[in-house]
Amino acid sequence: MGKTMLAGVGIVVAACATLGKLYFQEPQIQLQEINVTGLGLSGGTMDLVFDVYNPNDYRLRSTRLEVALELAGTDFGDALIDKPLDFSPVNHSRVVMPVRFTWAGVGAAARSLLESQELPYGLTGAVLLDTPLGEQRVQLSSKGKVPLRKLIP
């Protein structure tokens, strides 16, 4: 019984040593493009396409991704993914987030949406992640220009 107990203690010590070497690096999340997926009389839908890079040596699992989107200086609303997403260790993942908007809410920016090849954007939000080190909340904030793929070329 003594050898079994020592083996069990050895496994626990090895597991603790492994966890002690782990540290959390925030994933890099970049908006790659916007795909307009539908247009109607009251508004439309589009997909935000993100590239998520997990620099960690372990898998990350998101429990919630929420963003607020601004296009051409106008608030286009909020989007949410509250289903689990898995991010492989030291790898890129593609995440598609659907967004619904109304013409009344976007005003003059709607014209930019229909005429531009790319739009200036602002993005804020957060992603909640399950890690071996516990839950982590990563704030998102970026600005730039993003390619726009239209439903109707």
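**Close-ups of a predicted chain**

**View 1. Ser116 and its contacts.** Setting aside residues up to four places away in sequence, Ser116 touches Leu148 and Lys150 (contact means heavy atoms within 4.5 Å). Ser116 sits in the loop between α3 (109-115) and β7 (118-131); helices are DSSP runs of H or I with at least four residues, strands are runs of E with at least two, and both are numbered from the N terminus. Ser116 counts as buried because its relative accessible area is 19%, where buried means under 20%, exposed over 50% and partly exposed in between (1.4 Å probe, protein chains only). This is a predicted model, so to speak of local features we need pLDDT of at least 70, and side-chain atom pairs count only at pLDDT 80 or more, while totals for chains, interfaces and linings use all residues. Residues are numbered from 1 along each chain as its sequence is written, and side-chain values use heavy atoms, with hydrogens and water left out.

**View 2. Phe76 and the largest nonpolar core.** Such a core is a set of buried Ala, Val, Leu, Ile, Met, Phe, Trp, Tyr and Cys residues joined through side-chain atoms within 4.5 Å. The largest one has 35 residues, and Leu48, Phe50, Val67 and Phe76 touch the most other members. Neighbours within four places in sequence aside, the contacts of Phe76 include Met46, Leu69, Val99, Phe101 and Leu113, as well as Glu70 and Arg100.

**View 3. The chain around these spots.** Here we have three helices and eight strands, running α-β-β-β-β-β-β-α-α-β-β from the N terminus. Of the 153 residues, 37% count as buried.
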